[in-house]
Amino acid sequence: MSDRDLLHPLASPATAWHILGAGSLGGLWATRLARAGLPVRLILRDAARLAAYRAHGSHLTLIEQDRCVQWPIPAETADGSEPIERLLVACKAYDAEQAVAALRPRLSAQADVILLQNGLGSQEAVAALIQPRRCIFASSTEGAFREADWQVRFAGHGFTWLGDVQDPAAPTALLDDLHTAGISHEWTPDILTRLWRKLALNCAINPLTVLHDCRNGGLLEHPCEVATLCQELTELLQRCGQPVAAHDLHSDVLRVIQATAANYSSMYQDVAHGRRTEIAYLLGYVSAAARRHHCTIPHVQQLHHRLCQHLAAKGLRSD
Ligand code: NAD
Ligand code: KPL
């Protein structure tokens, strides 16, 4: 029996959080939920990863400033037997669909599935796979990275917006857990606007930091390139029925470049570490949307092409 059950003996048991992907963001959510006394289970990639986790002592370490705390969290693989009522998908966009497909037989009919992926495209694929179950999209400005296996650093406090494009009703029990865990969040009826805006910001900033080999602030030396991309992205967002996401995009991009001037973008870091990027869910999604809407965005398309070539030269995938 947990402390919560002892305090509230008649309360119904808390819903377990199954966390698919124990990487940076998955680890950050798992440790904060566990710290709040909520039931958490990690779902690891395969038996070898599970064995490695158990050999490590079955705990994740959360590092915040200089504080380093270990949180014991049980783990399993996708072929466990417990039904899943609440699933947090915390893998990369290119892994999400396949990873959720392996868990589909375990998802209860009322399961809530929360998607943390950046960009657009993977959310629709997962939602189609698990429908009619509830699919909650999230957009987060929190920052986390792995310092070692099973060890995550909370690098940047931020905010997470959540919403359901099919149903504006807030999932109160789930949001109560986030509140209890101290995860700053807000339920929004318009999560797509948030995701489109972040997509446009990431398309205007991240690829250029890779191609110019610079921190975000280095883009201040390429004002015309940034302005042209913002102009084309603004036009595309409007054409795609996203006028709110398009509003004042250029000013917002400049604000983010200045506010994060000392940082390397997530795509820059992926390329620097020889990791696959999420380009297909950023520039790839934008290019496909432009084709569908017969919208001409030559500079964005040229950027996509240049980035694909750059990745290929480094032996990295661009899908
Ligand atoms: P990550 O690479 O650190 O973690 C992903 C984890 O998923 C890895 O541990 C990987 O092994 C695991 N995984 C992949 N396939 C799996 C499977 N089939 N079963 C089980 N585990 C599987 O990635 P991340 O940085 O945590 O990013 C996750 C998503 O969140 C991305 O879309 C990213 O853009 C987004 N995001 C990340 C941050 C951040 O600060 N890290 C911030 C905002 C958004
Ligand atoms: O989200 C980002 C990233 O690096 O992925 C920012 C900091 C906004 C740059 O696009």
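**Close-up 1. Ser-266 and its neighbours at ligand 2.** Ser-266 puts a polar side-chain atom 2.5 Å from an oxygen atom of ligand 2, a polar contact in the sense of a pair of N or O atoms within 3.5 Å (within protein, one must be able to donate a hydrogen and the other to accept it, and residues adjacent in sequence count only if both atoms are side-chain atoms). Asn-206 also has a polar side-chain atom 2.5 Å from a ligand 2 oxygen. For Asn-202, a side-chain N or O atom sits 3.0 Å from an oxygen of ligand 2. The residues around this ligand are Lys-198, Asn-202, Ile-205, Asn-206, Asn-216, Val-256, Ser-265 and Ser-266, where being near takes a heavy atom within 4 Å.

**About the model.** This is a predicted model, in which local features need pLDDT of at least 70 and side-chain atom pairs count only at pLDDT 80 or more, while totals for chains, interfaces and linings use all residues. Residues are numbered from 1 along each chain as its sequence is written, chains are lettered from A and ligands numbered from 1 in the order in which they are written, and side-chain values use heavy atoms, with hydrogens and water left out.

**Close-up 2. The surroundings of ligand 1.** Ligand 1 has 24 residues around it, and Ser-24, Leu-25, Asn-118, Ala-144 and Glu-278 come nearest. A side-chain N or O atom of Glu-278 is 2.6 Å from an oxygen of ligand 1.

**Close-up 3. Helix 7 against helix 12.** The axes of helix 7 (residues 191-211) and helix 12 (residues 283-292) come within 10 Å and cross at roughly 115°; helices (H or I, at least four residues) and strands (E, at least two) are DSSP runs, numbered from the N terminus. Axes are lines fitted to C-alpha atoms, for helices over the stretch in contact, with angles from 0 to 180 degrees between N-to-C directions. That makes helix 7 roughly perpendicular to helix 12 (65 to 115 degrees; under 35 is roughly parallel, over 145 roughly antiparallel, the rest oblique). Trp-196, Leu-199, Cys-203 and Pro-207 of helix 7 meet Leu-283, Tyr-285, Val-286 and Ala-289 of helix 12, with contact meaning heavy atoms within 4.5 Å. By class, that contact has eight nonpolar, no polar and no charged residues (Ala, Val, Leu, Ile, Met, Phe, Trp, Tyr, Cys and Pro are nonpolar, Asp, Glu, Lys and Arg charged, and the others, Gly among them, polar).

**Close-up 4. Helix 7 again, now with helix 13.** Helix 7 and helix 13 (residues 298-313) pack at about 40°, their axes 10 Å apart. That makes helix 7 oblique to helix 13. On the helix 7 side, Cys-203, Pro-207, Leu-208, Val-210 and Leu-211 meet Leu-303, Arg-306, Leu-307 and His-310 of helix 13. This contact splits into seven nonpolar, one polar and one charged residues.

Close-up 5. Most residues other than glycine have a negative phi, and most peptide bonds are trans. The bond from Gln-131 to Pro-132 is cis, with omega near 15°, and Pro-132 lies in the loop between helix 5 (122-130) and strand 8 (134-140). Ser-58, in the loop between helix 3 (47-56) and strand 3 (59-64), has a positive phi, near 55°.
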